[in-house]
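Student: I am new to reading structures of this kind, and I would like to learn how one goes from a picture to a careful description. Could we look at one together?

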Amino acid sequence: MTEPATDTVTDAETRQRRITPARLRSTEATLLAVVVIGFAALSVTSGGDLLRGPAIQTVLTYVAVPVLIGLAQMVVLAVGQMNLSVGALGGFTAVLMGSMMADAGWPAVLAVLAGIALATAFGAVNGLLVVFTRINGFVVTLATMTVLIGLQYRVVGTRTIADYSPGLKAVGAASVAYIPVILMVALLVAAAVAVFVRRTVPGRWLLASGGNPLAARLSGISNDRILVLAHTLSGLIIGIAAAVTVASAPGVNSSIGGDWLLPSFAAPIIGGVALTGGSVAVLGTVLAAFVVRLVDVARAQFSLDPSWVSLVVGVVVLGTVVLTQRRRRRG
Amino acid sequence: MTLLADPDSETQRRPPAARRGRWVLRALTGQRAGLAVVVVVLIIVFGTLRPAFYDSRLVVFPLLRDIATLTVVGLAQLAVLSIGHMNLAVGRMAAFGALVSGFSYQVLGLNLVLGLVLGLVAGAAVGALAGLIITGTGVNSFVVTLGLDFALLGLVTLVYGQFTTLAAFTVKPPGMEELRSYSMADLCVGDVCGSPAVPQLLLFTVVALAGVGYLFARARTGREMLLTGSNATAAELSGIPTKRRVIGAHTLSGLLSGLAGFMLAVTAGSFTAGIGSAFLIPSFLGPVLGGTALTGGAVSVIGTFMGISLTQVIQQGLSMLGVGLESLNIYLGLILLVALSAVRIRQLFTRRRRSS
């Protein structure tokens, strides 16, 4: 807590050693190297096609949502919780925004804001349920996930809502110097999360509570409130991810969000976030989302089966946890 | 991963039998007797509203077949919950086991039993791998099984794509079709035959229930798993080989997942990569509703069967009452939430009563 620039609250004497700032940086440096080398290699193998503006834009467009859902998972991991309802909440919010615009005729701004507010509220409900039932957040969010999948289907059924605000879709497709606006939104959110966790008092509480709940309680922090805060924040970021999806996807249907859960964990885990709580790695999470995206680009370039992505990402996740543990033990 | 709660709220407190079922809330809170009552009441209610609910061939038989499969899924999760771990890859381990079974039928041309055995071995091997990684690195079971889930998802789909054109093994060895559609009525001892409503597939579940029940209630290994789950340090200090018990629990989980995958493949009639994709939620619903602690150290084997029965009876009943498939999820989630909250409410009540 004395070093405001670090991402971790270390209490090495009482608990197993956490990732120290130096190691965190090394994780991020490794990831950055992987991104740069991977991108360079793919550019070469594509004969330079990947370096053209529109190709870069395509690559970057599909990073926005993985970055956001990774961050949404990261903030709950920071307090030692997990949120299984990431995909279901995102999918539900996305179809609700679409339905509000297409069916109820709401203006885009209003629908997006209402959707984000609702997602935030659902996040708060997750947190309150965890605090109230005193049951593992895993099972609580498993239950809310089930409910939300049902609600999503009830809103959209089997149809695809595509006939909504052209203005919003223009924003989703817009780019400045081939950098998509939605990616900028995602990076802005990442920066905001970083500032929140590093510079603000509630942000520091979040890490303190996640790192050592007992010590946090003794220093006057309400762990319950922090839990609700983390889940609410997660809901807010998911709401933004849903808005980005509605803006950039050609349409929304019941399958939106169905494949979010695993990437949401992959990004923070590869990015170096400890699952026991007490640490965040905003840059690592963002870079990890890029790494996963590059795997997907490579798959498309060599026209391999989409299953390769899952296989590679799974092996990378397993490899990351094993390597991190090795390095930590040696240190 | 455990909550910041005061420690005694996490412990499983079982009120004496005499207090059981005094009010509905308590009946819903994972007590096995209460759970059984709720299931029976629901069956009567649904049966009264829709007499077709009792149709043995069209409703009861498939219902029991689903319950049979999902109970094994629940037991697979229960095996690792006993040591305080989770297995997020239950579905994919089932898919992997089914893949190996289907492969042995279609490519190797093995018979029904040999393929089943190979599938079980494959499931157990993946489970053991998860256990080895967890004990070897000390990493949370959640992450390891999540990573494994990713990897298996890719691997299984790739293998199906490699060996088949329609992404499914469809060769049925002799006996598989019979296993799918035969009921106890086809199993006679002399002149006495079983009920046509009870599928033969349920026999697998009975064996699994008996085996897992024996393990945790009577066998030394099972008791040691539970001790490892309730306090790993204490277990280690009392000379229990905790690492081996952890690996054992994950191996058992993989084995049971493989069995569930095989059962689902038999029910569906073909081996596909989609097997097990819907297993994750029921795998937790069953044990949790049945009274298994998520923190480890307490399991309820028969409760898992009842928890699964409850969810399946509700699903079947609601869909016969015309509730759309999409709304079923909402109700299932709400039931889980109510059950979770009820456990907490009961704890608050018992504490208040004790302190007054």
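Predicted model: local features only at pLDDT ≥ 70, side-chain atom pairs only at ≥ 80, totals over all residues.

Student: How are two packed helices described, and what are the values for helix H12 and helix H13 of chain B?

Tutor: Two packed helices are described by the angle between their axes and by the distance between those axes. In chain B, helix H12 (residues 280–290) and helix H13 (residues 301–320) pack at an angle of about 115 degrees, and their axes are 7 Å apart. The crossing of H12(B) with H13(B) is right-handed.

Student: Which residues make the contact between H12(B) and H13(B)?

Tutor: H12(B) contributes B:Pro282, B:Leu285, B:Gly286, B:Pro287, B:Leu289 and B:Gly290, while the residues from H13(B) include B:Gly303, B:Met306, B:Ile308 and B:Leu310. Sorted by class, this contact of H12(B) with H13(B) has seven nonpolar residues, six polar residues and no charged ones.

Student: How many residues does each chain give to the contact between chain A and chain B?

Tutor: Chain A gives 39 residues and chain B gives 42 residues. On the side of chain A that touches chain B, at least two residues each come from helix H5 (108–133), helix H6 (137–156), helix H12 (261–271) and helix H14 (307–330) of chain A, and the largest share, 13 residues, comes from H14(A). By class, that side of chain A has 25 nonpolar, 11 polar and three charged residues.

Student: Where are A:Ala177 and A:Tyr178 found, and what is the phi of each?

Tutor: Most residues other than glycine have a negative phi. In this model, A:Ala177 has a positive phi near 50 degrees, and A:Tyr178, which is not a glycine, has a positive phi of about 65 degrees. A:Ala177 lies in the loop between strand E1 (175–176) and strand E2 (179–180) of chain A, and A:Tyr178 is also in the loop between E1 and E2.

Student: Is A:Ala177 buried or exposed?

Tutor: A:Ala177 is exposed, because 7 other C-beta atoms lie within 10 Å, whereas A:Tyr178 counts as partly exposed, with 14 C-beta neighbours inside 10 Å.

Technical notes:
Residues numbered from 1 in each chain as written. Chains lettered and ligands numbered in written order. Axes fitted to C-alpha atoms, helices over the stretch in contact; angles between N-to-C directions. Helix = DSSP H or I, 4+ residues; strand = E, 2+ residues; numbered from the N terminus. Left-handed = near helix turned anticlockwise from the far one by under 90°. Contact = placed C-beta atoms within 7 Å. Nonpolar A, V, L, I, M, F, W, Y, C, P; charged D, E, K, R; others polar. Buried ≥ 20, exposed ≤ 12 C-beta atoms within 10 Å, placed from the backbone.
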